[in-house]
Amino acid sequence: MLGKFTYENPTKLYFGEGVLDSLPEELRKVGKTILLIYGGGSIKKNGIYDKIIGILHDFEKEVIEISGVMPNPTYEKVEEGLSIARRQKVDFILAVGGGSVIDYAKAIAISIHYDGNPWKDYFVELKDPTCEVVKLGAVLTMVGTGSEMNTGSVITNTKEKLKLGHAFSNPDVFPRFAFLDPTFTYSLPHYQMVAGIFDIFSHICEQYFSGEDDNTSDYLAEGLMRSLLVSSRIANKNPLDYEARSNIMWTATWALNTLIAKGKSEDWMVHSLGQSIGALTNATHGMTLACVSLPYYRYILNFGLKKFVRFAENVFGVSPDGLSDLEIAKKGLQEMETWMRELGLVLRARDLGMTLEMIPDLVKGTVVMTTGYKTLSEEEIIKIYRESY
Ligand code: NZQ
Ligand code: ZN
């Protein structure tokens, strides 16, 4: 294990079908005024909104709502939400939705009592909140980001053409609790389900593809990836398979709650490339990652060959017999591509609205990571965008 570290995760998880019945236990602990944050309306169609409003009213909570949080939430929407949230004293924030809603709720939670410029300070300069952070909890309806059990928040500034994320160090940014009912995800369109599955896989890869040491975190990562491969193939054919959907939900949470990053340097270059595409196209997060992953990994294969061999053998079950290390590693990525095609992921960024003319802006918005197997030069980034196109 690399270096010294601390591990703290205060999020209490409630998992399983019908688990929302325990929401009153948590509501009892919080004040009267609840800021309820949700997205574009899926929770009104599938009945989750009615269930939650019913429970809040039973507890005589005063409810303020912010609705219409869009996928890839914008900073403009954060400013709009702040003007609502600051009008009265909010005791607690309840975020109901996917990563976009929870990330947005965190941005609101850290900004309500902040006098500075949240975009510049939190997302560009990556400062941590020093003001009071309003406590929040989450009810998850879309699986992928891990936002339900981490301090990450990703916000898009459309004017500046930047999509930037920050994993805050301040533990107050973790949701106090998260309700994970796999059946809440049944109403997700197939496109969103598979995008979320790839997001999970990518989170694990970002943490796995770094370092040369024998690290427990890598063994945990391999187990999570193997479970995800099995369950995703089942859910792809039968989205109502509870066992598969519940495994995927649990895997997503553990993929990005800092556990498997412990003792690792991590990479995150795929997310940096994908987020830049997202900033310019507003495409679905998981699909942007799908487009850049294979070109990136094929490019860095030689720099982290040992790990790519291990990935091929331990995650995709590639038999090493009679093959060179390079052949084994390439076969692993071939198997990964086969799985991605099976799920129906978008593999060409042009299909997400990317154009070649966007490349200079894409490069500008790409944060270069230095902790993976290869620190990319500008020319190399351009090459990867061209290959992803
Ligand atoms: O807005 P509604 O109507 O609710 O529709 C949403 C949205 O259109 C829909 N949806 C969610 N639950 C549903 C449902 N539709 C039917 N039934 C349900 N049960 O799904 C669409 C996508 O939702 P969204 O929240 O945008 O997806 P996701 O969870 O993938 O979140 C993506 C955002 O999270 C950020 C991404 O960059 C992106 O902005 N990320 C956050 C991270 C973190 N906090 O650590 C890390 C990730 O790498 C990621 O960057
Ligand atoms: Zn992601």
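Trainee: Which helix gives the largest share of the lining of the second largest pocket?

Mentor: Helix α11 does, with five residues. Keep in mind that we're looking at a predicted model.

Trainee: What else lines that pocket, and how much space lies in it?

Mentor: About 160 Å³. The lining is made up of Ala-290, Cys-291, Leu-294, Pro-295, Arg-298, Glu-337, Arg-341, Leu-347, Arg-348, Glu-387 and Ser-388. Besides α11, both α13 (325-343) and α15 (378-388) supply at least two residues each.

Trainee: How do those lining residues divide by class?

Mentor: Five are nonpolar, one is polar and five are charged.

Trainee: Which residues line the largest cavity?

Mentor: Met-142, Val-143, Thr-185, Leu-188, Gln-192, Met-193, Gly-196, Ile-197, Arg-245 and Ile-248. The largest share, four residues, is from α7. By class you get six nonpolar, three polar and one charged.

Trainee: On to the metal. Which residues are the protein donors of the zinc ion (ligand 2)?

Mentor: When you read a metal site, look at the donor atoms, then at where their residues sit along the chain. In this model, Asp-199 donates through OD, while His-203, His-271 and His-285 each use NE2. These donors lie 2.0 to 2.2 Å from the zinc ion. Their spacing in sequence is D-x3-H-x67-H-x13-H. Take one pair from that set: His-203 is in helix α7 (residues 190-208) and His-285 is in helix α11 (residues 285-300), so the pair links distant parts of the chain, 82 residues apart.

Trainee: Are His-203 and His-285 buried or exposed?

Mentor: Compare relative accessibility with the cut-off: under 20% is buried. His-203 counts as buried because its relative accessibility is 2%. His-285 has a relative accessible area of 16%, so it is buried too.

Trainee: What is His-285 in contact with, leaving aside its neighbours within four places in sequence?

Mentor: Asn-72, Lys-163, Asp-199, His-203, His-271 and Gln-275. Among them are the zinc donors Asp-199, His-203 and His-271. There's also a polar contact of 3.2 Å between the side chains of His-285 and His-271.

Trainee: Let's finish with Ile-110. Where is Ile-110 found, and which residues does it touch?

Mentor: Look in helix α5 (residues 99-111). Not counting residues up to four places away in sequence, Ile-110 touches Tyr-122, Pro-129, Cys-131, Val-133, Phe-168 and Val-173. Its relative accessible area is 0%, so Ile-110 is buried.

Trainee: How many residues apart in sequence are Ile-110 and Leu-23, and how many Å apart in space?

Mentor: They are 87 residues apart in sequence, and C-alpha to C-alpha they are 23 Å apart in space.

Notes
Residues are numbered from 1 along each chain as its sequence is written. Chains are lettered from A and ligands numbered from 1 in the order in which they are written. This is a predicted model: local features need pLDDT of at least 70, side-chain atom pairs count only at pLDDT 80 or more; totals for chains, interfaces and linings use all residues. Side-chain values use heavy atoms; hydrogens and water are left out. Donors are N, O and S atoms within 2.8 Å of the metal (3.2 Å for Na, K and Ca); water is not among the atoms, so sites may look incomplete. Buried means under 20% relative accessible area, exposed over 50%, partly exposed in between (1.4 Å probe, protein chains only). Contact means heavy atoms within 4.5 Å. On a 1 Å grid over the protein atoms alone, a cavity is a set of points where a 1.4 Å probe fits but cannot get out, and a pocket is an open set with protein on both sides within 12 Å along at least five of seven lines; lining residues have an atom within 4 Å of a point. Ala, Val, Leu, Ile, Met, Phe, Trp, Tyr, Cys and Pro count as nonpolar, Asp, Glu, Lys and Arg as charged, and the others, Gly among them, as polar. A polar contact is a pair of N or O atoms within 3.5 Å; within protein, one must be able to donate a hydrogen and the other to accept it, and residues adjacent in sequence count only if both atoms are side-chain atoms. Grid points are joined across faces, edges and corners, and a volume is the space filled by probe spheres set on the points.
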